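Colleague: I am new to this structure. Could you take me through the features one at a time?
Modeller: Gladly. Have the picture open as we talk.

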Amino acid sequence: MSVTENSILMEIPPRLLSLGGGSEVHRMIPYAKKRMVGPFIFFDYFPATDFGPQQGIHVRPHPHIGLSTLSYLLEGQVLHHDSLENKVLLNPGDVNWMTAGEGISHSETTPADLKDVPHRLHLLQFWVALPLAEEDRKPSFMHHPKASIPRFKVKDADVILIAGAALDHASPVEVFSDLFFMDVHLKTDKEFYFDPRGDELAFYILKGRLKVGEKSIPPDDFVVLHQGSPLHVFAEEDTQFIVLGGTPFPEPRHIYWNFVSSSKEKIEAAKTKWADRSFPQVPGEPDIIPLPEN
């Protein structure tokens, strides 16, 4: 199928959010005109950032319901600690998949052995909303080391299938809806084609530049295609980009702070539990992020 720039529904520029200390995260969705892409309801990109001694990230314990979080590390290390007592070090190429269901809390920090030395962090994080039948499931956490994640070649492209199923491969990451998330590497003047078979699809360039038809796409644009449109891109230079999407849900999702649900009442209940500390807590970490005032 011929693919032109007319297949593009919209381009979403990132919102830059300061994390303090000179670092910032690039947020793509939710966006006012596009709340979700398939089941993906949140996408943050932490670009490659160098930290000096006594610097790093310290995201205090915070809660989630109604979603799975997906963390894919490109450089550095992150220590994950949750209310199920999982304490796991995320290394480059690893994937953390945490399913909140009825409720989980966790923290994310720079590990102790990096705090006294210069280090770099480069990270992708997503929230994947749960389908109605799974919203109230028991929380769970799975760590998938780099070696377990499928890597394969599709003509000119090197593909890492982080989650879901695509291109006749399937990731071991347990998902609860039809979705795909790929890390694609493409050399200059090479092309990549993927048909989402009626699903929603978006892509994001980490480095390099792609063309869709005659339109040149720079890094840091989140490009959403019309539902069902195949992706056909050409690399104007060596490029690394992610491709994500899946089958949209028939009903909307509400999002408040770190809570996602089909029910506003469930979100209100979660807010009350986090405020009165009856929500599951991360063991040994009483310094939590409080509910937003507004």
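Colleague: What radius of gyration would a compact globule with 294 residues have, and what does the protein chain have?
Modeller: First, a caution: this is a predicted model. Now the radius. A compact globule with 294 residues would have a radius of gyration near 19 Å. The protein chain has 19 Å, so the two agree. The C-alpha trace spans about 55 × 45 × 35 Å along its principal axes.

Colleague: How many helices and strands does the protein chain have?
Modeller: The secondary structure comes to one helix and 25 strands.

Colleague: What share of the residues is buried?
Modeller: Buried means under 20% relative accessible area. By that cut-off, 53% of the 294 residues count as buried. Then look at the surface. The protein chain exposes about 13,100 Å². Carbon and sulfur atoms supply 51% of that area.

Colleague: Which contacts should I look at along the sequence?
Modeller: Take contacts between residues at least 6 apart in sequence. Of these, 70% join residues at least 24 apart.

Colleague: How far apart are the mean positions of the positive and negative charges?
Modeller: They are 1 Å apart. The protein chain has 28 positive and 40 negative charges.

Colleague: Let us turn to single strands. How do side chains sit in a regular strand?
Modeller: They alternate between the two faces of the sheet. Now take strand β10, residues 104–109. Ile-104, His-106 and Glu-108 lie on one side. Ser-105, Ser-107 and Thr-109 lie on the other.

Colleague: Which strands pair with β10?
Modeller: Strand β5, residues 58–64, is joined to β10 by five bridges, and the two run antiparallel. Pro-63 has Ser-105 of β10 as its bridge partner. Strand β7, residues 78–82, also pairs with β10 in the antiparallel sense, over four bridges. There, Asp-82 stands opposite His-106.

Colleague: Where is His-232, and is it buried or exposed?
Modeller: His-232 is in strand β22. Its relative accessibility is 17%, so His-232 counts as buried. Next, compare sequence and space. His-232 and Leu-67 are 165 residues apart in sequence. From C-alpha to C-alpha they are 30 Å apart in space.

Colleague: Which residue lies 54 residues from Thr-239 in sequence and 5.8 Å away in space?
Modeller: That is His-185, with the distance taken C-alpha to C-alpha. Thr-239 is found in strand β23, residues 239–246.

Colleague: Why does Thr-239 count as buried?
Modeller: Because its relative accessibility is 4%. Leave aside residues up to four places away in sequence, and Thr-239 still touches several others, including Val-184, His-185, Ile-205 and Leu-210.

Colleague: Where is Lys-155, and what is its phi?
Modeller: Lys-155 is in the loop between β13 (151–154) and β14 (157–166). Its phi is near 55 degrees, a positive value in a residue other than glycine. Lys-155 has a relative accessible area of 77%, so it is exposed.

Colleague: And what about Arg-197: is it buried or exposed?
Modeller: Exposed, because its relative accessibility is 74%. Arg-197 sits in the loop between β17 and β18 (200–207). The phi of Arg-197 is positive, near 55 degrees.

Note on methods
Residues numbered from 1 in each chain as written. Predicted model: local features only at pLDDT ≥ 70, side-chain atom pairs only at ≥ 80, totals over all residues. Heavy atoms only, no water. Rg over C-alpha atoms; globule rule 2.2 N^0.38 Å. Buried < 20%, exposed > 50% of the residue type's maximum accessible area, 1.4 Å probe, protein only. Contact = heavy atoms within 4.5 Å. Areas by Shrake-Rupley, 256 points an atom, 1.4 Å probe, with all protein chains shown as cover. Lys, Arg positive; Asp, Glu negative; His and termini not counted. Charge placed at Lys NZ, Arg CZ, Asp CG, Glu CD. Pairing = 2+ DSSP bridges.
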